[in-house]
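Here are my notes on this model, as numbered points. Please read them with the structure open.

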Amino acid sequence: MINREHPLHIQQEEAVLERIHESHSSRETVANDISAGLSGDYGEKQTNYYFKQSQLQESYTYGRLRLWHEDYFQIDKLVASRNVLIPVEVKNMSDELIFTSNGQFIQKKQGVEIKYQNPLSQVSIQRTHLERWLRAHSIHTLPVEHLVVFTHKTSIIRNPTNDQQVAERVLTVENLPSKINQILRSHSSPVISQHQFETLNQLFITKHEPFKIDIFKKYPAVSRDDIQKGVICPRCAKINMHLIRDKWYCPACGHKDTNCHQEALYSHFLLYGGAITNQQASEFLLCNDRQTNRILSSPSSGLHRIGARRGTKYFMPIDQRPDIFFIK
Ligand SMILES: [Zn+2]
C-alpha cells in the first residue's frame, strides 16, 4: 500500500515496490531506500514534540520545505516566528558522530568509521539560500539562525577541537527546547507584523515544490516493462482484480471493491507523472475502453479533465503542501 502521509518521493518508491516482481534485482535497493527515507522522516516529525516544549509561540514548523531561488534548496525543518527563522538539518544517525578539525563529519559505529557530508556545512548553505530567497521576496529584516539536530537515541556528538560553530549549533534533540529558548532570548522582539508573517507563511506554502524522483533514472535496472499493470487487491495485494459490472473482484481472495482503481491511477501518476489518456488508463487498469471511459469520467475517480474528445487527458491533483505544524 502507498501511504499518502509519506513524503512524495517515498510514495513513488512504494509505487515501484508494489509493482515489480518479487525476484526483481532492484527490490532490495528500493526497499532499503524506503526505510532510510522513513527513518529520516520519523526523525523530522519527532522534533515537533521538542519544539512544543520550548518557548516558541504563534510559530509554524515546516517539514521538508523545498523552495527555488537560482536553484532548489530543501530544509528538513524550518521554524518560522515573527522574531526569527530557524532552518534545522535533522539527522536520525546513531552512535558516535565526530566533527573533525578539518571540517569532516564521521560516524563511528562498532569500530567502523564512515564519512558523510558535514550537516553543519549543509545547513549553512541552506541558510544562505534561504536568506537570498527572503531578499528576493522583499523580506529583509527577519534574522536567520541555523541548527543541526540529531534525533537518534544513541547519538553522541564529538567535537574534539571544541569548534565554536559545532558547540553552538549542533545538538541532540533533548537539548532542542533550551537551544530554541536561548535563540529566542537573543531575538526577543518581533521584527515583522502579524500581517507580514501571515503573508510569508502563505508564500512558503505556495512556493513549496515537493521533491520528486524520476524512478527510471534512479533505478536504471527497472524498466517500464517491469512495472506490472492492473489493479491491486487492497486485501491480499495481488495485482489481478477484474472489473465485473462496476465492481472490482479479486479472484485470489474473493474481495469485492468499488473504488480500488483510484489507487492504481494514483500509482500511475506517481510512476509516470503528467496526465493520462483514455488509452493509457485502459492499458494500465487492464479494462476495455468503455469501462475505462466510465471510470475516468466518474467524479469518484478524483481526476481533473483537460481538453475534449479524442484529445481528452486526465490528471490527478497530488497533495503538494509542505508538512506544517503550528505551535500555539
Ligand atoms: Zn485479493
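1. Contacts first. Two residues are in contact here if their C-beta atoms, placed from the backbone, lie within 7 Å. On that basis, residues 24 or more positions apart account for 59% of the contacts in the protein with a separation of 6 or more. Keep in mind that this is a predicted model.

2. Overall make-up. The protein has 10 helices and 16 strands. Its C-alpha trace spans about 70 × 55 × 35 Å along the principal axes. Of the 328 residues, 28% count as buried.

3. Main core. The largest nonpolar core holds 30 residues. Leu-78, Val-79, Leu-85, Ile-86 and Val-149 have the most contacts inside it.

4. What does Ile-86 touch, leaving aside residues up to four places away in sequence? The partners are Val-79, Glu-145, Leu-147 and Ile-183. Val-79 is itself among the residues with the most contacts inside the core.

5. Second core. A separate core of 18 residues is also present. Its members include Ile-232, Ile-276, Cys-287 and Leu-303.

6. Three strands form an open sheet in the order β13-β15-β14, with antiparallel pairing. The edges are β13 (276-277) and β14 (304-306), and each of these pairs on one side only. β13 is joined to β15 (residues 313-315) by two bridges, and the two strands run antiparallel. Ile-276 has Tyr-314 of β15 as its bridge partner. Ile-276 also belongs to the second core. As background, strands of a sheet pair through backbone hydrogen bonds, either parallel or antiparallel.

7. How do α1 and α2 cross? The axes of α1 (residues 8-17) and α2 (residues 27-53) come within 10 Å, and the crossing angle is roughly 150°. Angles over 145 degrees count as roughly antiparallel, so α1 and α2 are roughly antiparallel to each other. Their crossing is left-handed.

8. Residues at that crossing. On α1, the contact is made by Ile-10, Glu-13, Glu-14, Val-16 and Leu-17. On α2, Val-30, Ala-31, Asp-33, Ile-34, Gly-37 and Leu-38 make the contact.

Definitions and conventions:
Residues numbered from 1 in each chain as written. Predicted model: local features only at pLDDT ≥ 70, side-chain atom pairs only at ≥ 80, totals over all residues. Core = buried A, V, L, I, M, F, W, Y, C linked by C-beta atoms within 7 Å. Buried ≥ 20, exposed ≤ 12 C-beta atoms within 10 Å, placed from the backbone. Pairing = 2+ DSSP bridges. Helix = DSSP H or I, 4+ residues; strand = E, 2+ residues; numbered from the N terminus. Axes fitted to C-alpha atoms, helices over the stretch in contact; angles between N-to-C directions. Parallel < 35°, antiparallel > 145°, perpendicular 65-115°, else oblique. Left-handed = near helix turned anticlockwise from the far one by under 90°.
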